[in-house]
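Hi,

Here is the structure I said I'd pass on.

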Amino acid sequence: MHHTQTNLIEIKEKIKAKIDELSLHEYDPKIIAVSKTFSEKDILPLIDYGHCEFGENKVQEALNKWSPIKKRNQNLKLHMLGKLQSNKVKNAVEIFDYIHSLDNEKLANKISSLQKIENKNLKIFIQVNIGEENQKSGIHVSKLANFYTFCKDLNLNIVGLMSIPPVDGDADIYFKKMQELKKQFNFKDLSMGMSSDYLDALKYNASFLRI
Ligand SMILES: *Cc1c(COP(=O)(O)O)cnc(C)c1O
């Protein structure tokens, strides 16, 4: 068995054990296999194993790597996790199924207009700067309501919220805040939990783990 397959199986087992421990019945979070910097030889075994959700953080890398793979595997879903520049939106809309990093009006406008041209309707997460860190991407919590309204007026398909909590903080506090925001705005999905803290994110009903 290929090492990426064994990794995935191990992660799934840990998730299942944690969900049992928390008695969260019928909770089935999705794993986004973050494949940035990985090549086909590590990715294809996961596809053979039946894995469908993959994540990248650069448009050009995603385009080069995934255009041929997606042509052969129509059921794959590709997630854009990284910061998206507006001059890359056209290509992003072509190759990705989800965008996790929407955090400004200019980008929202651009996605909306290019989706119309490309006849696409991507699932989109609003990225929240949940730790209110100066240098970090994401919309400030106090601006979320207005920004969400702005996105809905553009007919963007906003499915939920995404965050990358502060590295040195207690992730639980931020995951809890995210879960509260999700409830407040009645979103379907929460994209949170990375390789180091995905088991903690399960307590707060994360629906997409980025590992
Ligand atoms: C790279 C990346 C991940 C996964 O990173 P790890 O260090 O493996 O946890 C998750 N989310 C985003 C937004 C990323 O860019």
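Bear in mind that this is a predicted model.

I started with the ligand. The residues around it are Val-34, Lys-36, Leu-81, Met-162, Ile-164, Met-194, Ser-195 and Arg-210. Sorted by class, that shell comes to five nonpolar, one polar and two charged residues. Lys-36 has a side-chain N or O atom 2.8 Å from an oxygen atom of the ligand, and a polar side-chain atom of Ser-195 sits 2.7 Å from a ligand oxygen. Arg-210, in turn, has a side-chain N or O atom 2.8 Å from a nitrogen atom of the ligand. As for cover, the ligand on its own exposes 390 Å², and the protein buries 75% of that.

Next, helix α3, which runs over residues 59–72. Still, α3 bends by about 45° at Trp-66, with Pro-68 following within four residues. Trp-66 is also one of the buried residues of α3, along with Val-59, Ala-62, Leu-63, Lys-65, Ile-69 and Lys-70.

Most residues other than glycine have a negative phi, but Thr-37 has a positive one of about 70°. Thr-37 is in the loop between β1 (30–34) and α2 (40–49), and it is exposed, at 71% relative accessible area. Glu-132 also has a positive phi, about 50°. Glu-132 lies in the loop between β5 (123–127) and α6 (144–153) and is partly exposed, at 44%.

Cheers

Conventions: Residues are numbered from 1 along each chain as its sequence is written. This is a predicted model: local features need pLDDT of at least 70, side-chain atom pairs count only at pLDDT 80 or more; totals for chains, interfaces and linings use all residues. Side-chain values use heavy atoms; hydrogens and water are left out. A residue is near a molecule or strand if one of its heavy atoms lies within 4 Å of it. A polar contact is a pair of N or O atoms within 3.5 Å; within protein, one must be able to donate a hydrogen and the other to accept it, and residues adjacent in sequence count only if both atoms are side-chain atoms. Accessible areas come from the Shrake-Rupley method with a 1.4 Å probe; for residues, only the protein chains shown count as cover. Ala, Val, Leu, Ile, Met, Phe, Trp, Tyr, Cys and Pro count as nonpolar, Asp, Glu, Lys and Arg as charged, and the others, Gly among them, as polar. Helices (H or I, at least four residues) and strands (E, at least two) are DSSP runs, numbered from the N terminus. The expected span of a helix is 1.5 Å times one less than its number of residues. The bend at a residue is the angle between axes fitted to the seven residues ending there and the seven starting there. Buried means under 20% relative accessible area, exposed over 50%, partly exposed in between (1.4 Å probe, protein chains only).
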